[in-house]
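Good morning, colleagues. I would ask you to keep the sequence and the structure in view while I speak.

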Amino acid sequence: MDQDVSFATVDACGQNLLSLVSRGNAIVAELLRLEDYLPDVFRKEKKEEGKKFAPVIFDFSYFQTSDAVEAKIEADDNLKKLDTQFKESYCNVISRFYMAYESIFKYAIDLNGYLSDLSEGVYFQHSLDNVFADADGKQLMCEALYLLGVQLLTAEHIDGATRERLLVAHHRAAVQSAAAACHLDDVCKLLRSTGLGESGRRPANYPEHYFSRVPVPAEYVSHVVDRLRSDDIYCQISTYPLPEHRSVALAPQAAMLYVCLFFKPTVLATETAMMREIVDKFFPDNWVISVYMGSTVNLLEAWEPYKAARTVLHASLDTAAVKQLTGKHATRMEELTAECERWLQEGLLTADLLLGSWDKLLALIRQCNVTMRWMLLHTSQLNSGGEPKRARQYRELVVSESHFEADTLFRLLLSASQLELACRQLLKQLLTDREKIWQEEQESVVAGLKQIATVFSGNQALTKLPKNERLEQWFVRLADQVATISLTTESRKLLQVMKALNDVQAFHRLESDAAVSQHLGQLRQSLRRMALVAALRDDMLATLAGVTDFSYAWLLVDRLTASMQRSIRQQPALVAKLRATFLKLCSALDLPLLRINQAQSQDLASVSQHYSAELVSYLRKVIQIIPETMFGLLDQIITIQTDQLQQTPTRLDKDKLKEYAQLDQRLEMARLTHAVSVLTDGILAMKTTLVGVIRLDPARLLEDGIRKQLVHQMADTLHRTLTFSAKHKSGELPTKLRELRRRMDGFRRSFEYIQDYLHLNGLRVWQEEFTRVVNLNVEQECNSFLQSQVHERDSAYQSRTVPIPLYPPTDKSRTFVGRLANQLLLLTDPRSTVYLAPLSAWYCLRSHEQVADGRLPGLLAGGLGVAGLAGLDRLLAFMAVTTIQSILTTISTDICKDRACLEALTSLESSLPPADGLVANPSRAYTPAAGRLQRPLYSLLDQLSRLGQLTLLREAIAAHLAAEAAFESRQLAAAVEALNAAVLTEPDLTSDRLSPLLGLLTPYLDWTGLSDPAARVYLSARPPEHADTVLLLLLISNAPKLTYVKSLGGLSCLKVSEPVDAAALTAGLAVLLGQLPDSVTDRLLARAGQAARSQAAGAPPLPAECCVLLALLELLVERRRLPEGRLTEHVPLPLLQLYRSVWNGD
């Protein structure tokens, strides 16, 4: 393609057309980019994700019953909530898909508008005919139609049913402006499902019926097809002078013709003569072509439904012709590889050799690329399934006849890429230094001619040649003549000078003098170099770039990945040579960026970034074999360090020295370490490379590869180890945690041991990546508690360069963090255990055995580290929020909106005297209401106990984090504590001035264990009506189920069949009251104090229920961090002293 589009710089006609073509390339890039951003709910392979939102995702049938569907969603609260969550989660990405689809429609409208303006004379000096007559105009007009077809075909990469659901989702989520509504109908008509991929077969009349949805003028289509089939619109035949290379020279034009013929399908179906002309010119020796950026098609399959095309193609490609073509290219592969390696011998290829052998080198490079192109295209299986019989037979024939091996093709690619890179660099240097070289050689020739003239002057006594004034003057004149020759002068003059020197040497027999003869030889060499330098042209680089085009392999090169990785594993130094291959692949970026760059479009940066990122991603994929091999060796080192090497004691007997030396194991470890260092040196040998617009540093590439493999190992270990049996076993969790700690310790020790040989800071890498793995899993687990979810691709912890793998869930939890949290909750379940605060331990109610204690957080930290504990604490906090919301819903909905319960509460409140009075008959006053609320109170007890359990676990984690911070990071802990204390002195913590600081301070408080889970305000809630009365009944109804156990120093349930954990209950109740106004706490304490005083007002023996109620109130006040005076305001101090003396046996 021409680099300078003069037609586009003349007037608005060319500028508008160039802008349109530029936009077409940008649209295709956006469509390709969006394939990676398709939400999982729309992917067929992600059935579990799609099943959740299936009730609110619709295809085009929605438009027929939209009112009924929307009414159904509005009437169902669950559906309405699900629909809101779907819109909030996916609205942005769905809108992006719609904008891309709408841009296809707008492109078609603008193209038709441009053609209409052209025919109506808006561009006065231009018409359809004279635009096609212009060389640049012809290219742009053909590309405009071609890109429209490519956009439609690229949109089909996402199946039609998914496109329909995306468009309907956008319609339901978007704000309906008039313009959007207008375009939406047209976009839906254009991109409705074509049926491709639904039945496994190609739909009838596809893709011509699909293309016909865009009404392109027939005259314009005919002009495009005629120009493409008859002209060499890009003037490429001169670059490929051999007739056998014509199909390669016209390959870009052939791809355009293939697409444009679908806008005129009658040619394919009925016009045999025209199809014969097309096949003979473009497809005489090939049937697999690259359409756009490596997207390939097999013409045997694509043209099968069209009679004329099928007949002509089959006649051209019989079995004998295919065998002949295959044999020719297969034979050349080994020969070309050997020839390239010969040129690449160290020190052989120099600038002088390049100048003298440019035509030979260009011919060799051209033949290498032709052979690589043919073999790679015709041995690749383009469809993973459903390959037509004839296409499969031809492919298998090529593979069998050529004895095709990917390694052979890779060796040719590697050698040819290196030769191309060397030639390109030398040619660039020669073109840059062209004038300098010319001037140096010219001065050398002029000085040499004058020196010879001096020889014939007779002034040099040592010379044996006689004086010859005629020769002296002749050499002087010749020197003056050479001095007048400029770089732009025809090289014919230099050839004349060289011939004159040969003639004078022969005529005067100057070869008799060795010195003069040698001097004349050097002058002829300098003159020849001047002639070669004068022959250098700026378009030689463009010719080389055209010959080495590799865009057809943008996707197919992945077939060679296994060969690349196998070669790298055997020879790590090969990575440096692979740099040339990746630079060759960069040439594919020229195709989509050329017109965008010419139009000076703002899309240049985004399109360049997309394709460059894709290429860098592939490069990382290839080179990832080095970190994978490293970690395979590291696994062996881990085994030796953890299972074989013994720790040497501080004191050692002399006779046991050999036993502890373990020389064989240490020798094996040294061998493995050396292998790791060799791999490291291999990747570091690669130079810093600019891949598209992204600069790659080999050291960074190595670190990213190691991080990627490290992350994979971490995630896999956490996933596999923290997978538990379906039925809970009390001893399983500690066992799993110890196993995790053993694996992680061995892994970390070995990684620290090997870090010096990897040239990186191992501890920093380990901590950063482990923290990222934990945080991503915590974030994904917390999504189940959020209405607006954070998708993996949008997470701040996910990276495209170093992706964290997420595994399918093994139970209701999404990740290992959720499974671990559930195991903790099962282990400390208030329905089966009791928490003893003096011992900071949980005991089983039935067996009275300890199931967990204060060492549990340390056990968790052993495998998960500080990041894991902080992440687990965050998840427990989300669970606490959900539990609080459930409690408030239970009180406000299940109780206060139930008529019977509401009447019982109202009746109780009206019957009670003021809080400072006594209830005459407590049992008769409270029992009926508690009986009426029995079921919701039982549910409320479970919820409050769960909230208290979460709080107790969070307190245990915070205590461990605080101890770790004080020991490991004393200064950080002190600084955070001081800053927190300073913030708490502020009168208004909700001010805008403090908001940024609080947002930064909170994570530090959580990670250092300085936050108080019991005092945390999770949400700002409006207190439900009768909340204090409901909670009073909860305490009074559960008090008889508890008793004081002196040996335990706390409350325990009377019956195992009626479990109540007083510590969990009061902890949960304290947290709940912390979310409500203080007035609720005051009313509850007042009413509970009244109940306790009323129960104690009877006979002298203090009732057990009264003692339990007072104990619960004491625990509640303690958990709420309230002063004791708040309780004595409602319960006399003598009564408190009396109940304490009763329980203490005084």
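In which loop does Pro207 lie? Pro207 belongs to the loop between helix H9 (178–191) and helix H10 (208–211). Please bear in mind throughout that we are looking at a predicted model.

Let us remain in that loop for a moment. The peptide bond that leads from Tyr206 to Pro207 is cis, and its omega is near 10 degrees. Asn205 also has its place in the loop between H9 and H10. The phi of Asn205 is near 60 degrees, which is a positive value in a residue other than glycine. With a relative accessible area of 41%, Asn205 is partly exposed.

Gln600 is located in the loop between helix H30 (590–598) and helix H31 (603–623). Its phi is near 55 degrees, again a positive value in a residue other than glycine. Is Gln600 buried or exposed? Gln600 has a relative accessible area of 73%, and it is therefore exposed.

I turn now to helix packing. Helix H23 (residues 434–455) and helix H24 (residues 469–484) have axes that come within 8 Å, and they cross at roughly 170 degrees. Because of that angle, H23 is roughly antiparallel to H24. Which residues meet in this pair? From H23 come Gln442, Val445, Val446, Leu449, Lys450, Ile452 and Ala453. They meet Glu472, Phe475, Val476, Leu478, Ala479, Asp480, Val482 and Ala483 in H24. Sorted by class, the residues of this contact of H23 with H24 are eleven nonpolar, one polar and three charged.

The next helix pair is formed by helix H35 (residues 698–721) and helix H37 (residues 762–782), which pack at an angle of about 50 degrees with their axes 10 Å apart. This angle makes H35 oblique to H37. Their crossing is right-handed. On the H35 side, the residues in contact are Glu703, Arg707, Leu710, Val711, Met714, Ala715 and Leu718. On the H37 side, they are Arg764, Val765, Trp766, Glu768, Glu769, Phe770, Arg772 and Val773. The contact of H35 with H37 holds nine nonpolar and six charged residues, with no polar ones.

H35 also contains His719. Why does His719 count as buried? Its relative accessibility is 15%, and the cut-off for buried is under 20%. Setting aside residues up to four places away in sequence, His719 touches Tyr807, Pro808, Thr810, Phe816 and Arg819. Gln943 stands 224 residues from His719 along the chain, and the C-alpha atoms of these two are separated by 30 Å.

Another histidine deserves a mention. His1130 sits in the loop between helix H49 (1125–1128) and helix H50 (1133–1144). At 19% relative accessibility, His1130 counts as buried. Beyond its neighbours within four places in sequence, His1130 is in contact with Asp1082, Leu1085, Ala1086, Gly1089 and Arg1093.

I come next to the strands. There is an open sheet of three strands in the order E5-E6-E7, with antiparallel pairing. Which strands stand at its edges? They are strand E5 (833–836) and strand E7 (850–852); each has a single partner strand, so one side of each is left without a neighbour in the sheet. From one strand to the next, the twist averages 40 degrees.

Within this sheet, E5 and E6 run antiparallel and are joined by four bridges. Tyr835 stands opposite Trp842 in E6. The hairpin of E5 and E6 has four residues between the strands, and there Ser840 takes a positive phi near 50 degrees. Strand E6 (residues 841–844) and E7 also run antiparallel, joined by two bridges. The bridge partner of Tyr843 is Gln850 in E7. In the hairpin of E6 and E7, five residues lie between the strands, and His848 has a positive phi near 60 degrees.

Strand E8 (residues 1042–1045) pairs with strand E9 (residues 1050–1053) in the antiparallel sense over four bridges. Opposite Tyr1044 stands Leu1051 in E9. How many residues lie between E8 and E9? There are four, and Gly1049 in the turn has a positive phi of about 70 degrees.

Thank you for your attention.

Definitions and conventions: Residues numbered from 1 in each chain as written. Predicted model: local features only at pLDDT ≥ 70, side-chain atom pairs only at ≥ 80, totals over all residues. Heavy atoms only, no water. Pairing = 2+ DSSP bridges. Axes fitted to C-alpha atoms, helices over the stretch in contact; angles between N-to-C directions. Parallel < 35°, antiparallel > 145°, perpendicular 65-115°, else oblique. Left-handed = near helix turned anticlockwise from the far one by under 90°. Contact = heavy atoms within 4.5 Å. Nonpolar A, V, L, I, M, F, W, Y, C, P; charged D, E, K, R; others polar. Buried < 20%, exposed > 50% of the residue type's maximum accessible area, 1.4 Å probe, protein only.
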